Amino acid sequence: MRILSFKNSIGASLIAGLLLTLASGAQAQAPATTGVQGKTELLWFGQAGFRIKSPAGKMILIDPWITGGPKTPPMYKNDLAAIGPIDLLLVTHAHVDHLGDAPAVAKANNIKLYGPADMDTPLNTLGILPPELTHRFNKTGNVTPLPGIKVTAVQAEHSSLLVWKNPATDKLESHPAGEAMGYIIQLENGFKIWHMGDTGLFSDMKFISEYYKPDLVLVPIGGNFTMAPDDAAYALRTWIKPKMVIPMHYGSNPMTKGTLAEFQEAMKGSSIKIIPMTPGETVQF
């Protein structure tokens, strides 16, 4: 597990150090704090799936393509319960590599699946999840599903389709599932994570960054269905300019050929801290 350290200066709300190791770091502005102490921890399952442990110890699961994910570590792939209890479940859109195991997680933990309104509706009408286990919201809508945690839905330039096997016919059916979204997740201490979901380039990335001021961005780089490495680098360097970025959504599908090395090359000379992860790895902030 890697640890990225922050020091909050009281009153000035500044981060004195942003360290990937004890020997290196860069100064940056910190989010406002609410008095909650503790670290933020991210576990990557591969593709766009993350489990976030909040400073207060709440477990947030996003886009859990776990049992079907080709890069998921065996301990999770073979036993979904190994992810542990989940307090908050978020899905960006209905494609199988994002919706994945979310219905099973919602039922096992008796929690709501928070997602695009027109994705959750067919989950209800098709009988995949009951209405009491879903929460519908849309872009710029925000929710406070847990004390001190705020989630805002933001734009993603992508599609969304629900593929469902009808038990009566044993055949696959395609159902419209609204529009894809990203999420700004603000944790108890003010730390903000922008999970971009699946997205191509769009100029309002600049607005989202300026308005919500994310500290960490989880960005797709695989190409074909999303931004390629050079697209993601352009968005980050030109519009978003975050303190830190974790590349995601690459290496799990032969059609998404973008690589970490290409992304790192495209980001050369930038002061943005790239945090590469491997599936199953945990990083703390």
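Is E179 buried, partly exposed or exposed? E179 is exposed, with a relative accessible area of 53%; buried means under 20% relative accessible area, exposed over 50%, and partly exposed in between (1.4 Å probe, protein chains only). The model is predicted: local features need pLDDT of at least 70, side-chain atom pairs count only at pLDDT 80 or more, and totals for chains, interfaces and linings use all residues. Residues are numbered from 1 along each chain as its sequence is written, and side-chain values use heavy atoms, with hydrogens and water left out.

**Salt bridges**

- The whole structure holds five salt bridges, each defined as a side-chain nitrogen of Lys or Arg within 4 Å of a carboxyl oxygen of Asp or Glu.
- One of them joins E179 and K139 at 2.7 Å, N to O. The two residues are 40 residues apart, E179 lying in the loop between β14 (171–176) and β15 (181–186) and K139 in the loop between β10 and β11 (142–146). K139 is partly exposed at 27% relative accessibility.
- Another joins D215 and K243 at 2.6 Å, N to O. D215 sits in the loop between α5 and β17, and K243, 28 residues apart from it, in the loop between α6 and β18. D215 is buried at 2% relative accessibility, and K243 is buried at 18%.
- E265 and K268 also form a salt bridge, with their closest N and O atoms 3.2 Å apart. E265 is partly exposed at 48%, whereas K268 is exposed at 56%.

**Parallel strands**

- Helices (H or I, at least four residues) and strands (E, at least two) are DSSP runs, numbered from the N terminus.
- Strands β8 (residues 88–90) and β9 (residues 113–116) pair in the parallel sense over two bridges; pairing requires that DSSP find at least two bridges between the strands. L90 stands opposite Y114 of β9.
- β9 also pairs with β10 (residues 134–137), in the parallel sense and over four bridges. Here T134 in β10 is the bridge partner of L113.

**Helix α6**

- Helix α6 spans residues 229–240, and its buried residues are P229, A232, A233, A235, L236, W239 and I240.
- These buried residues pack against β16 (192–195), α5 (205–212), β17 (216–220), β18 (244–248) and α7 (260–266), where contact means heavy atoms within 4.5 Å.
- Just after α6, K241 adopts a positive phi of about 50°.

**Residue L161**

- L161 belongs to strand β13 (residues 161–166).
- L161 is partly exposed, at a relative accessible area of 35%.
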